[in-house]
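My entries follow in the order of the look-ups.

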Amino acid sequence: MKISIHQPQYIPWPGYFAKILSSDRFVFLENAQYQKNSIINRNTIMISGKAAHLTIPVKKSPLDTPIGRKEVLDNKWRIKHIKSIDNNYKKYPFHEQLMELMAESLEIKSNSLSEIAIRNVELICRYLGIGTTLTKEEQLPEFKVDSPTDRLVKIVRFLDGDEYICGTGGKNYMDETLFAKNGINLRYMAYRQTPYVQHNSKEFVEGLSILDMIANMAPSEINDHLRKNWVHYE
């Protein structure tokens, strides 16, 4: 059983979905600390041929507030985001599908940043035909942990996982020996994005939200692209 774990993010980049696609089960780490000015509540789309942020405004809270308790400031951003996506992807081949997806995504009546982000990811996975089981951390027991790595190990063990799929950033903080002691194979993966056709753009703009792919490519093409660019990292 391959398990991957990541903080909820709003309209994440393709690498996020490549990670989900490569896993049997994916856990949204809602109890992780919210980070100001991060991609938890904002990501980038193509606007006038350049990468530009779409941000969900959030209420002020203590620095140690977990993502799962972070609330959005108001609902005005929803209309702004829909208009920005609509205006900038209007002439793209899959514009209609993109707008239907975002309309359904933003129908959720919640002030929870985590719930909004997770709902968005769930719907995108459904659209792309990604069958990975998605689990919220709140659905799991509240583990007593000694470290961030211990937390990951206990989640994987509870879900009967024998392999943990991790992005290369994990090398900077994880205690690799803890996985080995618990019989879990630690596998580092990296998303190396190669160019795809971006309509109305002379040069390829990388690092955009998955929404850009959805506007440009059919779901089967996106899945192929995700698989080809998700590679093992030693």
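At what angle do helix α3 and helix α4 pack, and how far apart are their axes? I find an angle of about 145° between α3 (residues 95–105) and α4 (residues 113–128), with the axes 9 Å apart. Axes here are lines fitted to C-alpha atoms, for helices over the stretch in contact, and angles run from 0 to 180 degrees between N-to-C directions. Helices (H or I, at least four residues) and strands (E, at least two) are DSSP runs, numbered from the N terminus.

Notes on the source. I am working with a predicted model, in which local features need pLDDT of at least 70 and side-chain atom pairs count only at pLDDT 80 or more, while totals for chains, interfaces and linings use all residues. Residues are numbered from 1 along each chain as its sequence is written, and side-chain values use heavy atoms, with hydrogens and water left out.

Helix contact. I noted the crossing of α3 past α4 as right-handed (the near helix is turned clockwise from the far one by less than a right angle). On the α3 side the contact is made by Q97, L101, M102, E104 and S105, and on the α4 side by R119, N120, L123, I124, R126 and Y127; contact means heavy atoms within 4.5 Å. By class I get five nonpolar, three polar and three charged residues (Ala, Val, Leu, Ile, Met, Phe, Trp, Tyr, Cys and Pro count as nonpolar, Asp, Glu, Lys and Arg as charged, and the others, Gly among them, as polar).

Salt bridges. How many does a search of the whole structure find? The search finds five salt bridges, each a side-chain nitrogen of Lys or Arg within 4 Å of a carboxyl oxygen of Asp or Glu.

I looked at E104 next. Its side chain meets that of R119 in a salt bridge at 3.8 Å, N to O; this pair links α3 to α4, 15 residues apart. E104 also forms a salt bridge with R126, with the closest N and O atoms 2.8 Å apart. Since E104 lies in α3 and R126 in α4, this pair ties together parts 22 residues apart in sequence. I therefore logged E104, R119 and R126 under one heading, a network of salt bridges.

Accessibility. E104 is partly exposed at 25% relative accessibility, and R119 is partly exposed at 29%. R126 is exposed at 53%. The cut-offs are under 20% relative accessible area for buried, over 50% for exposed, and partly exposed in between (1.4 Å probe, protein chains only).

Last entry. R151 and E137 meet in a salt bridge at 3.4 Å, N to O. R151 lies in helix α5 (residues 148–158) and E137 in the loop between β5 (133–136) and α5, so the pair ties together parts 14 residues apart in sequence. I found both R151 and E137 buried.
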